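Here is a short report on one protein chain. Please look over the model first, then read on.

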Amino acid sequence: MDVFYYLVFGVMAAVVAALELSKSNKDRINTSSSFNSFKNNYLVVFSIMMAGDWLQGPYVYYLYSTYGFGKGDIGQLFIAGFGSSMLFGTIVGSLADKQGRKRACVTYCIVYILSCITKHSPQYRVLMVGRILGGIATSLLFSAFESWLIAEHNKRNFEQQWLSLTFSKAVFLGNGLVAILSGLFGNLLVDTFSFGPVAPFDAAACFLAIGMAIILTTWSENFGDPSDSKDLLTQFKVAAIAIASDEKIALLGAIQSLFEASMYTFVFLWTPALSPNDEEIPHGFVFATFMLASMLGSSLAARLMARSSLRVENYMQIVFLVSAASLLLPITTSILVTPSKVKDEGLSLTSSIQLLGFCVFEACVGIFWPSIMKMRSQYIPEEARSTIMNFFRVPLNIFVCIVLYNVDAFPITIMFGMCSIFLFVASILQRRLMVISEKPKAEDWSPMKERNSEVDPLNL
């Protein structure tokens, strides 16, 4: 493997370690032994679930290409996944509440295992079914597990402050350490042991089966509050009223949609960008490097948010501009460096520069997640939080589907340019959000709920 990969990975790991070790010790939260047992059980299960998801990510595009499918066909497969998530994402939460969160988590395992099995078939229709199943599983992953945790936490009468401890540990493990280890393990299976690009999907299925067994034997069932059961039309009506009543919520949703649309498009584009002539690249190792960059960004975000004098709204403008510039690198390198039409044995100069730029973008992603969560906690009313968040996933998935549908019609540089424009617009909207957030709020959520009740007497 090219020495440059090891160099980038090593430097990134050293910086992350330095940032973590240099942090001052904070006062620890005193918890009970029963809570620690509950928390550790959830963290084990969630980490296993995330491993099953992260193992697949770096090899989806590569597997489809080994089956002989072109960029356009692969784009349609990705569209099926995002479209499935868009359609089912708005209803899986309510289904989990009615049918049981534990049952929904088990369903996630079964559906995702079936999706992994379809990867053994080179037939396009079978792979399409797998992508649809994967979209359903993704919706369950980001709704059912969190819902079960919150309900079970409250049912056991644990302190509310302890819940944030579980979430922070879950993010660190599931989106950080597990992601890196999954990338390295996938690279070991595919490149070192030469088991082929389908091996990570088989490993993911094994992890999911283990996690499902733990859920079945250690988790209890819980359900949602029947008073919160609303049909889809009513949920969208509540979200629309909230957006129309507060410009900050609308801006926040637009910013989130623009950034995540660019992020998910990048997931599709980074493989062909780094191997324009179908060069062999260590997908798992590159993915692990990206996750290290994301952890670096998370460490920076923690330090930024700890400064009371610095508002999230201020520094996020810079983050969006930096991320926009980083995704412009494929365009600038294609202009400044003549693209090679010959398959290189190692990493080309253009790809090396782009790899560094992509690491910068992933660092921005690492800053984005905790920062957007903090802004959501400030501006989105708790009474309609999940509804509004699901509402803004619809334009996000529409953005991505449009991009992927036209991926074969435009050069890859055009696609990166569009993502860069999205991020630049997000920076402008972030500026507007900063300005209006400094003004006193005209009205709170309660009058808005009263107006909504007047519009729809059934919405209590």
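## Overall fold

This is a predicted model. The protein chain has 20 helices and 0 strands. Of its 460 residues, 52% are buried.

Among contacts with a separation of 6 or more, 87% join residues 24 or more positions apart. The accessible surface comes to about 21200 Å². Carbon and sulfur atoms hold 64% of that surface.

## Helix H14

H14 spans residues 312-326, 15 residues in total. Its first and last C-alpha atoms are 21 Å apart, close to the 21 Å expected at 1.5 Å a residue. Its buried residues include Tyr315, Met316, Val319 and Phe320. Glu313 and Gln317 are also buried.

## Aromatic pairs

The whole structure contains 26 aromatic pairs. In one, the ring centres of Trp148 and Trp219 lie 3.7 Å apart with planes at 10°, so the pair is stacked. Trp148 sits in helix H8 and Trp219 in the loop between H10 and H11, so the pair ties together parts 71 residues apart in sequence. Both tryptophans are buried.

Phe266 and Phe358 have ring centres 5.0 Å apart and planes at 75°, so this pair is edge-to-face. Phe266 belongs to helix H12 and Phe358 to helix H16, so the pair ties together parts 92 residues apart in sequence. Both phenylalanines are buried.

## Cluster and charge over a ring

Trp148 and Trp219 also belong to a cluster linked by ring pairs. Other members include Phe35, Tyr42, Tyr108 and Phe158.

Arg131 lies over the face of Phe78, 4.7 Å from the ring centre.

Technical notes. Residues are numbered from 1 along each chain as its sequence is written. This is a predicted model: local features need pLDDT of at least 70, side-chain atom pairs count only at pLDDT 80 or more; totals for chains, interfaces and linings use all residues. Side-chain values use heavy atoms; hydrogens and water are left out. Helices (H or I, at least four residues) and strands (E, at least two) are DSSP runs, numbered from the N terminus. Buried means under 20% relative accessible area, exposed over 50%, partly exposed in between (1.4 Å probe, protein chains only). Contact means heavy atoms within 4.5 Å. Accessible areas come from the Shrake-Rupley method with a 1.4 Å probe; for residues, only the protein chains shown count as cover. The expected span of a helix is 1.5 Å times one less than its number of residues. Rings of Phe, Tyr and Trp (its six-membered ring) pair if their centres lie within 6.5 Å; planes under 30 degrees apart count as stacked, over 60 as edge-to-face and the rest as tilted. A charge sits over a ring if NZ of Lys or CZ of Arg is within 6 Å of the ring centre and within 35 degrees of the ring normal.
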